[in-house]
Amino acid sequence: MGIDELRGTVRGAVLLPGDAGFEQAARPWNVAVTQSVGAVVTATDAEDIAATVGWARRAGRTVVTQPTGHGATGDIDDAVLLRTGALDDIAIDPVRRRA
């Protein structure tokens with residue numbers, strides 16, 4: 001299951017090692033930690049998040065999130081790093097118990 005399927009699904013950026021901007025997008029706030037992720041997705045909305053998680057599940061890949069780069073760890077080799085820092089609103093549906 002190739003990453004091109006994901007690139008065709010999300011509106012945000014999908015970056016792979018070697019792509020322009022990948023190193024910057026994969027870099028955590030704590031620059032002493034190296035994150036060897038396999039891809040970085042910058043989500044623009046909930047649909048991007050759902051598409052990324054669904055693709056990763058089908059592809060057998062792990063998804064880790066970092067809104068701003070805090071909480072970095074070095075144990076996420078080949079994971080898909082999901083950046084959510086561009087999201088700027090939230091909708092609460094108390095009846096369906098969803099946010």
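Helices (H or I, at least four residues) and strands (E, at least two) are DSSP runs, numbered from the N terminus. This is a predicted model, in which local features need pLDDT of at least 70 and side-chain atom pairs count only at pLDDT 80 or more, while totals for chains, interfaces and linings use all residues. Residues are numbered from 1 along each chain as its sequence is written, and side-chain values use heavy atoms, with hydrogens and water left out.

**View 1**
G60 sits in the loop between α3 (46–59) and β3 (63–65). Buried means under 20% relative accessible area, exposed over 50%, and partly exposed in between (1.4 Å probe, protein chains only). G60 counts as exposed because its relative accessibility is 67%. R61 forms a salt bridge with D78, at 3.5 Å from N to O. (A salt bridge is a side-chain nitrogen of Lys or Arg within 4 Å of a carboxyl oxygen of Asp or Glu.) This pair links distant parts of the chain, 17 residues apart: R61 is in the loop between α3 and β3, D78 in the loop between β3 and β4 (80–83). D78 is partly exposed, at 48% relative accessible area. R61 is also partly exposed, at 23%.

**View 1. The salt bridge between D19 and R7.**
The structure holds 7 salt bridges. One of them joins the side chains of D19 and R7, at 2.3 Å from N to O. D19 lies in the loop between β1 (14–15) and α2 (22–26), and R7 in helix α1 (residues 3–7), so the pair ties together parts that are 12 residues apart in sequence. D19 has a relative accessible area of 27% and is partly exposed. R7 is partly exposed too, at 32%.

R11 and E47 form a salt bridge, with their closest N and O atoms 3.7 Å apart. D48 is buried yet has no salt bridge, and R11, the nearest side chain of opposite charge, is 4.5 Å away. (Lys and Arg count as positive and Asp and Glu as negative; His and the chain ends are not counted.) The side chain of D48 makes a polar contact with the side chain of T44, at 2.7 Å. (A polar contact is a pair of N or O atoms within 3.5 Å; within protein, one must be able to donate a hydrogen and the other to accept it, and residues adjacent in sequence count only if both atoms are side-chain atoms.) Beyond its neighbours within four places in sequence, D48 is in contact (heavy atoms within 4.5 Å) with V10, R11, G12, T42 and A43.

**View 2. Strand pairing around V40.**
Two strands pair if DSSP finds at least two bridges between them. β1 pairs with strand β2 (residues 39–42) in the antiparallel sense, over 2 bridges. L15 has V40 in β2 as its bridge partner. β2 and β4 pair in the parallel sense, over 4 bridges. Here V40 stands opposite L81 in β4.

**View 3. The backbone at R97.**
R97 lies in the segment after β4. Most residues other than glycine have a negative phi. R97 has a positive phi, near 60°. R97 counts as exposed, at 76% relative accessibility.
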